[in-house]
Amino acid sequence: MSSNPLHEVAIVGVGRTAMARHLETSTLRACLDAALAALADAGLTVHDIDGISARWPGPGGTVFQPGSSDWSKLLGVPLRWIGDTYPQGVPAALEAAAAISTGQCETVLVVGGQADLAGGGKVASYTRPDNEFLSCWGSITQAQFALVAQVYFDRYGPDRERLASLAAMIRNSGSKNPKAVMSGRGPYTSADVLASPMIASPFHLLEVCLATEGAAAMVLTSRERARDLPQTPVQLLGGACEWFRQQYVDPPRYDEVGRIGEDAGRRAFAMAGMVPADVDVLELYDINIFEVVRQLEVLGFCGEGEGTDFAFEAGISEDGRLPINTDGGLLSFAHIGWGGPTLKIVEAVHQLRGEAKSGQVAGARTALVTGAGSGAQYHNVLVLGRDD
Amino acid sequence: MGFVNNGDLANENDNELTTPFWEACARGILVRPVCDACGTNFFTPSLVCPACQSTEWAYQPSSGLGRVYSYTTVHRGPDSTWEVPYVLAIIDMSEGWTMLSQLVITPPDEASPRDVIGLDVKVVFVPENRPPHRVLPMFTPQEAMS
């Protein structure tokens with residue numbers, strides 16, 4: 001493996017609040033709770049951090065950007081570095097790692113989430129893109145992904161029952177996870193999935209992600225410092241992003257974004273000195289079940305059009321050959337908006353430390369995390385490894 | 001995907017750049033930006049031509065003829081004021097540009113996406129039934145569907 005400064009950074013603590021359809025607290029309070037949980041997990045206090053990537057959900061603070069600097073007052077600590085990535089998760093981890101490995105700061109707190117959003121029968125605001133050439137047609141987020149999926153379905157005709165089975169497998173991992181929003185719901189069969197209401201063809205309700213509330217946080221520092229901390233560090237082995245075009249302005253075409261993630265995946269695996277077969281557990285960004293299959297294809301686990309059969313035959317539950325979204329994923333665990341992608345890293349860290357209370361993959365030492373997908377027209381990939 | 005649409009993340013709405021597009025629709029004409037420098041057709045409108053960055057471009061009338069690249073039948077709208085189902089589609093226009101729109105058709109049998117993908121369509125103008133009450137370019141089959 002060639003030397004890469006990324007390898008000198010580790011995740012040393014993770015935290016998250018309870019996840020729910022509606023949290024009776026403010027976004028700021030939820031973020032603070034997740035942040036303090038991640039710091040406690042790392043064996044650190046606020047005085048140990050000198051970098052923050054968090055934005056500022058209010059109330060209070062200032063109208064000035066970047067919002068992350070408002071956190072220095074809230075936590076009472078001066079900072080050496082701040083970040084404001086969109087979204088969090090993989091881009092935030094990579095940006096923090098760059099700051100740490102170039103000596104701009106030593107320890108970074110990443111935190112984000114959402115709570116107490118207006119409900120009232122509407123889908124969450126972030127699922128209703130408001131661009132003038134989108135909103136007038138009634139284009140919800142899942143419809144954007146559906147426009148990509150329909151071309152794929154037309155071209156490759158995936159086995160519909162097997163694809164629905166994959167959704168059932170992820171949902172059933174959430175069903176038995178006490179921490180999942182959909183805990184206790186199910187278990188589901190492929191027939192249940194296909195019998196659930198259509199949202200935007202070809203997607204049924206049980207094939208698309210939740211819109212829920214909660215917050216997630218992680219603490220990153222140098223590997224050197226990580227050795228003195230209580231948790232087994234999780235090392236950053238490789239990571240890369242692709243940004244094709246702004247999301248939800250121009251419509252996503254399969255011939256433009258159907259393979260998004262291929263380049264990022266190739267670069268991330270090269271940095272890690274790994275190939276897909278080396279990955280023990282996958283936390284893929286399951287906005288819908290088509291994305292899981294598409295991502296397996298572009299990341300090199302199988303060929304284009306082969307993802308459904310490949311995943312079905314391997315099995316994607318914790319005891320399968322290809323464990324995916326072991327906490328229940330965005331389909332069943334939670335989806336918490338802009339901070340949500342960090343949940344994928346939190347679960348990967350739990351897996352690599354052997355601490356997942358539900359869905360633990362025995363002996364997992366390497367994990368793959370992704371964010372976003374084809375309908376969003378950007379994608380990001382992170383390879384993580386247990387560092388002991 | 002789909003995070004909070006802060007103002008700084010969304011495109012400017014109803015601005016100088018796009019007003020001429022909606023004004024043309026109100027007159028029953030579909031227009032699209034065409035670059036004076038390199039001839040590229042593009043959509044959505046932007047400050048400069050995405051192919052050559054020339055600021056010299058103008059709206060020109062389109063034939064209104066296109067072909068369905070992809071579609072989805074939406075069964076759950078942005079909120080309860082949307083009458084479902086309706087059919088969203090990506091239309092490849094005859095001049096080599098693309099737009100998102102709705103198809104004015106009976107939602108197709110989900111088992112046969114092939115019946116709609118590749119369908120030749122033409123523009124029709126439909127009053128928007130919610131604010132800001134513009135006239136929306138939608139698409140209908142060039143020939144009656146079997």
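This tour visits aromatic rings and the charges beside them in a predicted model.

Residues are numbered from 1 along each chain as written, while chains are lettered from A in the order of writing. Local features need pLDDT of at least 70 and side-chain atom pairs pLDDT 80 or more, and side-chain values use heavy atoms, without hydrogens or water.

**First selection: Phe133(A) and Phe21(B).** The structure holds 16 aromatic pairs over all chains; rings of Phe, Tyr and Trp (its six-membered ring) pair if their centres lie within 6.5 Å, and planes under 30 degrees apart count as stacked, over 60 as edge-to-face and the rest as tilted. Phe133(A) and Phe21(B) are edge-to-face, because their ring centres are 5.4 Å apart and their planes stand at 80 degrees. This pair crosses between chains, from the loop between strand S4 (107–114) and helix H4 (141–156) of chain A to helix H1 (residues 19–26) of chain B. Helices (H or I, at least four residues) and strands (E, at least two) are DSSP runs, numbered from the N terminus.

**Next: Phe43(B).** Phe43(B) lies in the loop between strand S1 (31–35) and strand S2 (57–61) of chain B.

Phe133(A) is buried, at 5% relative accessibility, and Phe43(B) is buried at 13% (buried means under 20% relative accessible area, exposed over 50%, partly exposed in between, with a 1.4 Å probe and protein chains only).

The charged end of Arg134(B) sits over the Trp22(B) ring, 4.2 Å from its centre (NZ of Lys or CZ of Arg within 6 Å of the ring centre and within 35 degrees of the ring normal). Select also Arg253(A), whose charged end sits over the ring of Tyr69(B), 3.9 Å from its centre.
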